[in-house]
Amino acid sequence: MKRFLQLHVLTAYPPSNVNRDDLGRPKTAMMGGANRLRISSQSLKRAWRTSDEFKQGLDGHIGTRTKKMGVHIYKELVAAGTKESDAKDWAKMIADEFGALKKGKAAKADDEEALSDMPELEIEQLAHFSPEEEQAIDSLIKKMAERGSGPEQDELKILRKKHSAADIALFGRMLADVPRFNTEAAAQVAHAITVHKVAVENDYFTAVDDLNDGQTDRGAAHIGETEFGAGLFYMYVCVDRSLLTENLSADEALAKQTLAGLVKAIAEVAPSGKQNSFGSRVRASYILAETGDQQPRSLSVAFLKPIYGKDLARSAIDKLEDMRQRMDAAYDGCSDAHKIMNVEAGQGSLKEIIAFVQE
């Protein structure tokens, strides 16, 4: 098996705002002296790993990322008949294994930081729990409820270095307080950027009161403004297939399933920001998949100079493939094999891409 899998993807978005900055505007980046729309890698990865497309075929191999596991443990213990005071103490002991607990106080109605009414049971940082760890927690909850006593010291060893969580294996895990259980991400995901220059536009809108008959007031019931952008995005993903298999406890079959789920999600899933307002459901128009042991490289340099013209898709594909060939000539080959899906040209299919990445 060749070590690296590289994916170069072109996806066109209509007017949309799938990934917003702190002001609610579409995220942007300057590249080649031109303003581009940007979709952050964090937004992309979350959309993929939580999607139905990724979960298909990976049932039982998806983790849970949360700060509230202590709250979950407490509620399960109380539901099983444990006294609330005992349930809270035991939940603290278990949750503390995954990271420092908040110096909590009772949550107020306007407390935006509190995720629940028991912040003292929340850990400070998000922890990603593997299915094996969740099963261990559920088993311990049952034991404690049945015997009426808290966890023994050896029962608190819940964290697992080896697991079968596909999302953790791909995107990594960082536990600041117990770093020996960290997982190095096998996938590297670049921020997606438009291949052309883009200006963010404003959408002025109004909402009408259905019961306003217009006899005394003809004005709108609500006036608002939102911002959006549209464009053809280039996205680059690199997966260390050897590390992915290692992260999945050397389960090669599961590693192949994980790659299939990832590629399907990349091709079919978009971040969900403002979907109800813009209906920006999109699929990739072009995918170039490469495998090899050579040092990976992005092909974003193909778009350092913004593309202009009416046929952006064809121009982008031509520039991407031309840059790949030039890189191969300059470096005596940057991959050993490749497969292309080009919707516009009627070339290839997603099924063929998935079969290729699993070889």
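**Burial and overall build**

I looked first at burial, and found that buried residues (under 20% relative accessible area, with exposed meaning over 50% and partly exposed in between, for a 1.4 Å probe and protein chains only) make up 48% of the 359 residues in the protein. I note that this is a predicted model, in which local features need pLDDT of at least 70 and side-chain atom pairs count only at pLDDT 80 or more, while totals for chains, interfaces and linings use all residues. Residues are numbered from 1 along each chain as its sequence is written, and side-chain values use heavy atoms, with hydrogens and water left out.

For secondary structure I noted 11 helices and 11 strands, taken as DSSP runs numbered from the N terminus, with helices being H or I of at least four residues and strands being E of at least two. The C-alpha trace spans about 75 × 70 × 35 Å along its principal axes. I then looked up contacts, meaning heavy atoms within 4.5 Å: among those between residues at least 6 apart in sequence, 73% join residues at least 24 apart.

**Surface and charge**

I found 48 positive and 55 negative side chains, with the centres of the two sets 3 Å apart. Here Lys and Arg count as positive and Asp and Glu as negative, without His and the chain ends, and each charge is placed at NZ of Lys, CZ of Arg, CG of Asp or CD of Glu.

**Pocket and cavities**

I searched on a 1 Å grid over the protein atoms alone, where a cavity is a set of points at which a 1.4 Å probe fits but cannot get out, a pocket is an open set with protein on both sides within 12 Å along at least five of seven lines, and lining residues have an atom within 4 Å of a point. Grid points are joined across faces, edges and corners, and a volume is the space filled by probe spheres set on the points.

The largest pocket has a volume of about 430 Å³. Its lining holds 18 residues, with Gln42, Lys45, Arg46, Arg49 and Arg65 nearest the centre. Two or more lining residues each come from helix H1 (41–49), strand S5 (127–129) and helix H6 (166–171), and H1 gives the most, with six.

I found two cavities of 30 Å³ or more in the whole structure, and the largest cavity holds about 110 Å³. Of the 17 residues lining the largest cavity, Thr11, Tyr13, Leu44, Met235 and Ile266 are the closest to its centre. Strand S1 (4–16), H1, strand S9 (222–240) and helix H8 (252–268) each give two or more residues to that lining.

I placed Asn247 in helix H7 (residues 241–247), where it counts as buried because its relative accessibility is 10%. Leaving out residues up to four places away in sequence, Asn247 touches His163, Ala169, Thr183, Glu184 and Ala186.

Gly60 lies in the loop between helix H2 (52–55) and strand S4 (64–66) and is partly exposed at 47%.

Pro15, in strand S1, is partly exposed, with a relative accessible area of 40%. Beyond residues up to four places away in sequence, Pro15 touches Phe228, Gly229, Ala230 and Phe278.
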